[in-house]
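Trainee: I am new to this structure. Can you walk me through how to read it?
Mentor: Gladly. Take a look first.

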Amino acid sequence: MDAELLLAHALAVPRARLLTLDEVPADAAGRFAGLLDQRASRVPLQHLTGIAPFRHLELAVGPGVFVPRPETEQIAGWVLERIAGLTAPTVVDLGTGSGAIALSVAHEHPGARVLAVERDTAAIEWTRLNAGTRAAAGDTPVEVLAGDMTDPALLTELDGAVDLVVSNPPYVPDGARVPREVADHDPPLALWGGPDGLDVVRGLLRTAARLLTAGGALGIEHADQQGEALPALVRGVGGWEDVADHLDLAGRPRFTTARRAG
Ligand SMILES: C[S@@+](CC[C@H](N)C(=O)[O-])C[C@H]1O[C@@H](n2cnc3c(N)ncnc32)[C@H](O)[C@@H]1O
């Protein structure tokens with residue numbers, strides 16, 4: 001699959017066109033060989049093509065930003081289901097990276113006001129690039145903010161006024177083994193979440209509690225091993241109802257949701 005996608009990239013054609021091609025010109029063959037070498041040395045496919053597909057969008061990615069994962073499409077889908085009945089909901093995506101969740105929500109629910117928060121100065125350049133591309137394509141513009149999702153002063157003007165907070169935060173426990181593509185190419189700030197992986201989540205829970213309207217919804221993606229720990233943490237801090245965990249398409253625990261008590 002990766003080889004096909006890299007060959008299509010070297011030829012600047014869609015992958016399906018490979019079936020009908022009789023030959024590869026020498027210059028494209030040279031580009032393809034170079035791309036294969038880089039992929040063999042574990043550079044992520046998406047850094048080589050410069051693109052990561054996410055739901056209905058193609059996002060620009062590269063060094064400095066977390067590559068959005070297919071499993072995150074599911075929490076974005078959950079957001080869209082939760083706000084489907086609201087004409088003009090306010091949605092905040094904390095730790096937006098490429099903007100994958102925020103931009104998908106704006107694309108698929110044009111009435112939503114979407115704010116995307118990112119702390120990493122390199123990553124936010126990619127957020128802004130993608131947000132600009134989507135706005136130019138006609139999507140409702142997403143408001144991109146440099147900020148720390150654990151900061152008590154973040155977005156205080158929206159305290160009690162947000163309908164939904166979503167986050168795919170850094171949640172990998174410090175010291176956990178991750179593939180080389182991840183360790184060498186995803187930004188450290190996107191990955192590591194302290195000894196149990198939940199350090200940033202603890203601060204994020206305080207921010208979400210402050211921002212959400214009574215009855216507002218919270219969704220947090222987590223690691224496979226946190227399907228019990230994260231719901232327990234949310235129940236433990238109090239002020240949340242309907243705490244539930246959700247599996248991804250591979251049947252692994254993937255995200256926790258809750259509703260702000262009224
Ligand atoms: C796992 S990545 C997810 C990115 C994107 N939401 C996605 O799903 O592809 C986590 C993101 O949170 C950002 N981040 C980490 N700590 C943060 C903090 N305290 N405040 C805001 N953003 C933070 C990272 O820089 C990174 O972009």
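**Reading helix packing and a ligand site**

Mentor: Helix 4 and helix 5 are oblique to each other, a word for angles that are not under 35 degrees (roughly parallel), over 145 (roughly antiparallel) or 65 to 115 (roughly perpendicular). Before going on, note that this is a predicted model, where local features need pLDDT of at least 70, side-chain atom pairs count only at pLDDT 80 or more, and totals for chains, interfaces and linings use all residues. Residues are numbered from 1 along each chain as its sequence is written, and side-chain values use heavy atoms, with hydrogens and water left out.

Trainee: How do I describe two packed helices?
Mentor: Two packed helices are described by the angle between their axes and the distance between the axes. Axes are lines fitted to C-alpha atoms, for helices over the stretch in contact, and angles run from 0 to 180 degrees between N-to-C directions. Helices are DSSP runs (H or I, at least four residues), numbered from the N terminus. Here, helix 4 (residues 73–83) and helix 5 (residues 100–108) pack at about 40°, with axes 10 Å apart.

Trainee: Is the crossing of helix 4 and helix 5 left-handed or right-handed?
Mentor: A crossing is left-handed if the near helix is turned anticlockwise from the far one by less than a right angle, and right-handed if clockwise. This one is right-handed.

Trainee: Which residues make the contact?
Mentor: Contact means heavy atoms within 4.5 Å. Helix 4 brings Ile75, Ala76, Val79, Leu80 and Ile83. Helix 5 brings Ile101, Ser104, Val105 and Glu108. By class, that contact has seven nonpolar, one polar and one charged residues. Asp, Glu, Lys and Arg count as charged; Ala, Val, Leu, Ile, Met, Phe, Trp, Tyr, Cys and Pro as nonpolar; the others, Gly among them, as polar.

Trainee: At what angle do helix 1 and helix 2 pack?
Mentor: About 140°, for helix 1 (residues 2–11) and helix 2 (residues 26–40), with axes 9 Å apart. That makes helix 1 oblique to helix 2. Their crossing is right-handed. Among the residues in contact are Leu6 and Leu7 of helix 1 and Phe32 and Leu35 of helix 2. The classes are nine nonpolar, one polar and three charged.

Trainee: Now the ligand. Which residues come nearest?
Mentor: A residue is near a molecule if one of its heavy atoms lies within 4 Å of it. Of the 17 residues around the ligand, Gly95, Glu118, Asp148, Met149 and Asn168 come nearest.

Trainee: What lies 2.5 Å from an oxygen atom of the ligand?
Mentor: A polar side-chain atom of Glu118. A polar contact is a pair of N or O atoms within 3.5 Å. Ligand nitrogen takes part too: one such atom is 3.4 Å from a polar backbone atom of Thr96.

Conventions. Helices (H or I, at least four residues) and strands (E, at least two) are DSSP runs, numbered from the N terminus. A polar contact is a pair of N or O atoms within 3.5 Å; within protein, one must be able to donate a hydrogen and the other to accept it, and residues adjacent in sequence count only if both atoms are side-chain atoms.
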